[in-house]
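Please keep the sequence and the model in view while you read.

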Amino acid sequence: MHRLSLTDIHTHILPSIDDGASDVTEALQILRMQKSSGVDRVVLTPHFDSQKQTLEDFLVKREFFFKLLMESYDEATMPELRLGAEVVYSPEILKLDLRQLTLCGGDYLLLELDDLVIPPHLDAIISELTMMGITPILAHVERCLYFRKTPKYLYELTLKGAIAQVTADSISPCYDKGFCKAVLNKGYAHFAASDTHNTKKRPPNLADSLKALSNELIDSMEASARCVWDNAPLYPFNYQKISKIFGKYY
Ligand SMILES: [Fe+2]
């Protein structure tokens, strides 16, 4: 089998800034694990919650800990790194300069919704973000009860311009009765990411988790993740898949 060359767009490796890596040593260990498993590109996405901190404070902290990490960074044994954030949704975020929080400084914003309560008018919020030139990526959609009960709603949000991410660890059918695999196969979700927080309980297992999927699907997911990395539009790539599904419903 050829060596995988993967992109992980959701991680908590940046040390000491959230509930992810506790220090630089652990962050370096996770990065080495990533590289040896076949992950060559990693977006660092610490949590940002506008109810708990200001954007300015978050950015200063993120820069500080990124510089600290880079002092020990070794490109031969670690993936390439770029900055981003995982942004907790609240109506207030629409007033912020969201470009400071996007993945790789591009157009994609990793958005965390409540697991139990979908915000009212989520489709309108997604439309508003896309009008601002921001493409929301809905983080770990398998956690959201409403999406699990009503996968078609996820599909409807993708038609409004949203992208959906599942957690690599949850691809196993025994975890969620096949929800992740099903939404990936149908094109309702676009890629998996590790959402790694540490080396033990939430390790960087993107490459391992993909073994349950077909090579075609792995290639399609990596192509979508590369669109985020390169800040290229994703929908022309996936449109064929979506239009096939579209035909089934309309
Ligand atoms: Fe996360």
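How many disulfides does the count come to? In this predicted model, the count comes to zero disulfides.

**Cysteines**

- Cysteine 104 counts as partly exposed, since its relative accessibility is 22%, whereas cysteine 227 is buried, with a relative accessible area of 11%.

**Aromatic pairs**

- The structure holds five aromatic pairs, and one of them joins phenylalanine 48 and phenylalanine 58, whose ring centres are 5.2 Å apart and whose planes stand at 55 degrees, so this pair is tilted.
- Phenylalanine 48 belongs to strand β3 (residues 47–48) and phenylalanine 58 to helix α2 (residues 55–70), so the pair ties together parts that are 10 residues apart in sequence.
- Both partners are buried: phenylalanine 48 has a relative accessible area of 0%, and phenylalanine 58 has one of 1%.
- Phenylalanine 64 and phenylalanine 65 form an edge-to-face pair, with 5.1 Å from centre to centre and 85 degrees between the planes.
- Within that pair, phenylalanine 64 is exposed, with a relative accessible area of 52%, while phenylalanine 65 counts as buried at 13% relative accessibility.
- Tyr146, Phe147 and Tyr153 are linked into a cluster by ring pairs.

How values were computed
Residues are numbered from 1 along each chain as its sequence is written. This is a predicted model: local features need pLDDT of at least 70, side-chain atom pairs count only at pLDDT 80 or more; totals for chains, interfaces and linings use all residues. Side-chain values use heavy atoms; hydrogens and water are left out. A disulfide is a pair of cysteine sulfur atoms within 2.5 Å. Buried means under 20% relative accessible area, exposed over 50%, partly exposed in between (1.4 Å probe, protein chains only). Rings of Phe, Tyr and Trp (its six-membered ring) pair if their centres lie within 6.5 Å; planes under 30 degrees apart count as stacked, over 60 as edge-to-face and the rest as tilted. Helices (H or I, at least four residues) and strands (E, at least two) are DSSP runs, numbered from the N terminus.
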